[in-house]
Amino acid sequence: MGWIGLRDRSGARPAECKTVEMGAPGLRGLSDDALLARGTLAFELAFTDEEQVPRKLLEYERFDGWQRRLTVYLNADYSLSVDCQQGSAHSYVRLSGVHPENRSAVLVSCCWDAPERTGLLSVENLSNGAIRQAVFAAPIPLPAGDARRILECSAHTRVDRNIRFLAISDRAEPIGPRPTIAAGALVETVDGPRPIERIRLGDQVVTQTGGPRKVRWILRQELPARGQSTPITLRAPYFGLSNDITVTQEQKIVISGADTEYDFGRRALLVQARELIGHPGATVRCECTTMTCYQLLLDEHDCLLVSGAWLSSLFIGRLALAPEVVATTGLAEVPASFLPVHPRHALPVLQPFEARALHHMLAG
């Protein structure tokens, strides 16, 4: 089934999207005693300049009939630990070095497969894509009733204020590079424009710097539509668009012209969609709970012509050099010989402080 419950605690930006109490609609068909033998608990955590450690990020405890407890700690050394207890069963995992240097945000995913007796705790730095992981044995399946109460933040649950959203899936969800373009966006190929959901392996797409390039892989994934994956509608005719498209906040867009050359010394630059929020051509969408997105992997990183705008293709950096991490991502099925190394982006990527200056320039 996939993502079965989502709790939004922040929205994309306070001025754009108020907190929505989502509850757990996908769990309503399950009895409280039903067990999620496999699954993923994921949340996005923002770090601030006034970080207090140690502290509990998530705590759930219930004693009706038998004790159940789930606690996620941010420890004094900025390691992350997940402690789970159900009756006499107990599992524990700890992962060090999770604190990002630039005070950005991280995506935490704790996956379990009770029948296979294996679990995985992953922390991804959302500013640079760095991934840290720890494997643990004998994870405990989560009762559906407990999952529901965690997501509803009942009296049995306490959630840190810097957690932007909580989501639970009934399967082990991939981590790492995520797709960023929603269905319906038209990708220019050598045979003409085609909806991204209809692109096939081997198709040749038009790119900005390398001419026609062959599609090496197509990444497709259902994502919780919150945090870094909050949908943004880019509106025509801004950014060269011929029609509106929807992307996630992580999607990078090419901004070019005399102004960028004057202010930044480059004719063309990449900027994340999240940095365009507030521009009349970029509107946050908050009505959906999940969104299925796509991205195209090329041998070399480049920019795709999508509905008239240039958008970054999938960038995976040096992920191919870490096969044990690749196996836990959406690229796990890609043959090892197919997976390229991207030493750099095709164009410079603006840092957040530079993007703010760009936003002011575009507004003018």
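I began with the cysteines, taking a disulfide as a pair of cysteine sulfur atoms within 2.5 Å. I was working on a predicted model, where local features need pLDDT of at least 70, side-chain atom pairs count only at pLDDT 80 or more, and totals for chains, interfaces and linings use all residues. Residues are numbered from 1 along each chain as its sequence is written, and side-chain values use heavy atoms, with hydrogens and water left out.

**Entry: cysteines.** I found 0 disulfides in the structure. I noted Cys111 as being in no disulfide either. Next I looked up burial (buried is under 20% relative accessible area, exposed over 50%, partly exposed in between, with a 1.4 Å probe and protein chains only). Cys110 is buried, at 11% relative accessible area. Cys111 is buried as well, at 8%.

**Entry: the sheet.** I took helices (H or I, at least four residues) and strands (E, at least two) as DSSP runs, numbered from the N terminus. Two strands pair if DSSP finds at least two bridges between them. In what order do the 6 strands of the open sheet stand? I read β1-β13-β3-β8-β9-β10, with antiparallel pairing. At the edges stand β1 (3-8) and β10 (131-137); each has a single partner strand, so one side of each lacks a neighbour in the sheet. I then checked angles (axes are lines fitted to C-alpha atoms, for helices over the stretch in contact; angles run from 0 to 180 degrees between N-to-C directions). Neighbouring strands of this sheet are turned by 10° against each other on average, direction ignored.

Asp8 stands opposite Phe165 in β13. Helix α1 (residues 144-151) packs on the sheet and touches β1 and β13. Contact here means heavy atoms within 4.5 Å. The direction of α1 makes about 160° with that of β13.

**Entry: rings.** I searched for aromatic pairs (ring centres of Phe, Tyr and Trp, its six-membered ring, within 6.5 Å; planes under 30 degrees apart are stacked, over 60 edge-to-face, the rest tilted). The structure holds 1. Tyr238 and Phe239 form this tilted pair, 6.4 Å centre to centre with 50° between the planes. Tyr238 is partly exposed, at 34%. Phe239 is buried, at 18%.

Last, I looked for a charge over a ring (NZ of Lys or CZ of Arg within 6 Å of the ring centre and within 35 degrees of the ring normal). Arg216 lies over the face of Phe338, 4.8 Å from the ring centre.
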